Amino acid sequence: MTLFAQFTGYADPSLHAHGLYIGGQWQPGGGIPVIDPSSGATLAEVADASVQDAMRAVDAAEAAAAGWRQTPPRQRSEILRRWFTLMSEHAEDLARLISLENGKALSDARGEVAYAAEFFRWYAEEAVRIPGEFRRTPSGAHNILVDHEPIGIALLITPWNFPAAMATRKIGPALAAGCTVILKPASETPLTAYAMARLGEQAGVPPGVVNVLTTTNPGPLTNAMLADPRVRKLSFTGSTGVGRSLLAEAAKSVVSCSMELGGNAPFVVFDDADLDAAIEGAMVAKMRNAGEACTAANRFYVQSGIHDAFVSALTARMSALKVGAGYDPDTQVGPMITTRAVEKIDRLVTEAKARGARATTGGATIAGSGFYYPPTVLENVPVDAALAHEEIFGPVAPIYRFETEDEAIRLANNTEYGLAAYVYSGDMKRAMRVGRGIETGMVGINRGLMSDPAAPFGGVKQSGLGREGGVTGILEFMEAKYFAAEF
Ligand code: NAP
């Protein structure tokens, strides 16, 4: 519990919650250790929910559902807006907490809190703009009215890599739509979710509207909740493998699913790109969150004419990064989430090197406590290396050389994933043409950062179903109801 002492530096000690949050009550408990990836030490323990606890959360969400759905949109909006303000006021506390349990550099954690809070502000604004439709039938004889209703109780499952933002990106639209929710955060980073629930209470979220559960047993708990006819929505962010099995489970009760899954983003640089801008974008696209992002550039395809200059400039920038404990203010690259994550990165890099890749910086694990992997650039990587097909989820930039536009598009699309892609070119027509040719839900054109609460975030192929954020995000938590009205 030594590192728990660091919590005492917080402005608001009430954020240190670790019991289940069901129906507005905090149920104390333990059983799930939270590890500080920067040191490997245990930070705290959080409660381990049983299937019975999960069903109590469904009961609580059901008990609150009618009242919340009837709460005027303006009032729902104001609660979300207060939650945004409270997150902004507690930004430093939340950033330190994220940095402690996730390991990311404080600068990344601050960025995440700002991004996460914006989902509450954005959906506070959208809550009062829920769309409807009126039109005459083509025959001209009748009327078509379309209303949108809250879909019902939503189960929200989130990953560890953005412990605040992945939760607000779901809670914001769900509450704005009039749904009550059960949030199951990742076991590695539960403290942020509980701290945000505390702020939700202060913002005036009524008991049962938001429930939070942590568990060592996510499969059976989720299956039990999905089998309950009161649960009508599953919104999941995580790996494609778990997403596939949840889709199969949800199919049994025909539960509506939104899926934000894995990515394998190509980063394509043409000869006519502005090299400095491309390097700047590459650093953001690769190194935000130390590479632990679904949108992280995973494969750098660089055209022959600019290839060598790109490799040496990227190597210079990557080798200058300071690796260290996330909460050390000088740190630019924090640890990975677990030793397992480090082992996976090491396996992928070792395989690529055995097949001819060369590390121009990094390329081998770092000894010592904490789960570190150094910023790494690999050149001469075979296009069929394992790291071209699996998510690296770490600070490794594999660079591949290409000659033609068609080749770049073909290589970029050679993956089961389709979340994000980046294109750098001085020719906008070409950049847009290539962007259209790449099969992803999002394309950065001469930009290395695309996440924005006002934009629709999501993927195609095996990167997911549906979109979060933007104007359409709220509709993931609503059902259209059509009235065939005679008047
Ligand atoms: P993960 O292993 O799939 O876990 C995600 C969540 O699912 C966690 O809360 C986890 O709980 C839970 N879970 C695991 N097995 C489950 C089961 N059988 N039933 C129900 N829930 C289950 O993913 P992760 O390692 O946390 O996150 C990394 C992945 O998320 C990457 O693939 C990344 O690309 C993806 N991601 C995608 C987006 C996007 O917007 N597309 C954003 C961020 C991350 P426990 O922690 O308790 O196991």
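Is Leu43 buried or exposed? Leu43 is buried, with a relative accessible area of 0%. Buried means under 20% relative accessible area, exposed means over 50%, and partly exposed lies in between (1.4 Å probe, protein chains only).

## About the model

This is a predicted model, in which local features need pLDDT of at least 70 and side-chain atom pairs count only at pLDDT 80 or more, while totals for chains, interfaces and linings use all residues. Residues are numbered from 1 along each chain as its sequence is written, and side-chain values use heavy atoms, with hydrogens and water left out.

## Around Leu43

Leu43 sits in strand S4 (residues 42-47). Helices (H or I, at least four residues) and strands (E, at least two) are DSSP runs, numbered from the N terminus. Asp12 and Leu43 are 31 residues apart in sequence. In space, their C-alpha atoms are 18 Å apart.

## Salt bridges

Side chains of opposite charge can pair when their charged atoms come close. A salt bridge here is a side-chain nitrogen of Lys or Arg within 4 Å of a carboxyl oxygen of Asp or Glu. The whole structure holds 24 salt bridges.

One of them joins Arg401 to Asp308, with 3.3 Å between the closest N and O atoms. Arg401 belongs to strand S16 (residues 396-402) and Asp308 to helix H10 (residues 304-319), so this pair ties together parts 93 residues apart in sequence. Arg401 is partly exposed, at 42% relative accessibility. Asp308 is partly exposed too, at 49%.

## A link between two strands

Glu379 and Arg358 also meet in a salt bridge, at 2.6 Å from N to O. Glu379 is in strand S15 (residues 376-379) and Arg358 is in strand S14 (residues 358-361), so the pair ties together parts that are 21 residues apart in sequence. Glu379 is buried, at 16% relative accessibility. Arg358 is partly exposed, at 47%.

## A link between two helices

Which residue forms a salt bridge with Arg433 at 2.8 Å? The partner is Glu405, and the distance is taken between the closest N and O atoms. The pair links distant parts of the chain, 28 residues apart: Arg433 is in helix H13 (residues 428-437) and Glu405 in helix H12 (residues 405-412).

Arg433 is partly exposed, with a relative accessible area of 42%. Glu405 is buried, at 17%. Both residues belong to a network of salt bridges that links Asp272, Glu405, Arg430 and Arg433.
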